[in-house]
Amino acid sequence: MSYSRQEILYSVAKYYSIESELISGKSLKGNLVKARQMYCYLCKKYTDFSLCKISKIINRDHATVIHSVKKINNQIKLYPDIQYDINQISLILFEIRENNNNLIPKDVNLLLLRINHTNSFIKTI
């Protein structure tokens, strides 16, 4: 099953109890880094986005996305709680889909529009 980046962003932010925009922010606080890594992993798992596209969404380079996906893959093997986190976020994703995306606040969609606009603007410079 595939999900949109809005659905994934909202689900990860909800699970980690953070604001959606912090996932693409500059902070290196542990909880935000973990959420960002999980977002990269789930985008790779549930979308057909390239690593480059995922990196633009989170305002990082594609090496960060590669590192994030590898790290989550490795942690799944070592720590059962990581798989638990993925399962819980997947349940949130399922709930969103079942409710026809009515659970996603408008600010998440606006945030992604702002990120897209900024990336488009940067490309034209």
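Tutor: Quick definition before we start: a residue is buried when its relative accessible area is under 20%. Keep in mind that this is a predicted model.

Student: Okay, cysteine 40 then: buried or exposed?
Tutor: The cut-off for buried is under 20%. Cysteine 40 has 0% relative accessibility, so it counts as buried.

Student: How many disulfides does a search of the whole structure find?
Tutor: A pair of cysteine sulfurs would have to lie within 2.5 Å. The search covers the whole structure, and its count of disulfides is zero.

Student: And how far from cysteine 40 is the nearest cysteine sulfur?
Tutor: Cysteine 40 is in no disulfide, and the nearest cysteine sulfur belongs to cysteine 43. Cysteine 43 is in no disulfide either, with the sulfur of cysteine 40 as its nearest. A disulfide needs the sulfurs within 2.5 Å, whereas the distance here is 7.0 Å.

Student: Which helices do the buried residues of H2 pack against?
Tutor: Buried residues of H2 include Leu32, Ala35, Met38, Tyr39 and Tyr46. Their packing partners are H1, H3, H4 and H5.

Student: How far apart are the end C-alpha atoms of H2?
Tutor: H2 has 17 residues, and at 1.5 Å a residue it should span 24 Å. The model agrees with that expectation, as the end C-alpha atoms are separated by 24 Å.

Student: What about serine 55, buried or exposed?
Tutor: Serine 55 sits in helix H3. Setting aside neighbours within four places in sequence, it contacts Arg60, Asp61, His62 and Val65. Its relative accessibility is 4%, so serine 55 counts as buried.

Student: Last one: where in the protein chain is confidence lowest?
Tutor: The chain averages a pLDDT of 84, with 80% of the residues scoring at least 70. Confidence is highest in H4, at a mean of 96, and the lowest mean, 48, belongs to residues 106–124. Over residues 117–125 the pLDDT is below 50, and beyond near neighbours in sequence that stretch has four contacts in the model. The lowest-confidence element is helix H6.

Technical notes
Residues are numbered from 1 along each chain as its sequence is written. This is a predicted model: local features need pLDDT of at least 70, side-chain atom pairs count only at pLDDT 80 or more; totals for chains, interfaces and linings use all residues. Side-chain values use heavy atoms; hydrogens and water are left out. Buried means under 20% relative accessible area, exposed over 50%, partly exposed in between (1.4 Å probe, protein chains only). pLDDT is the predictor's confidence in each residue, from 0 to 100. Helices (H or I, at least four residues) and strands (E, at least two) are DSSP runs, numbered from the N terminus. Contact means heavy atoms within 4.5 Å. The expected span of a helix is 1.5 Å times one less than its number of residues.
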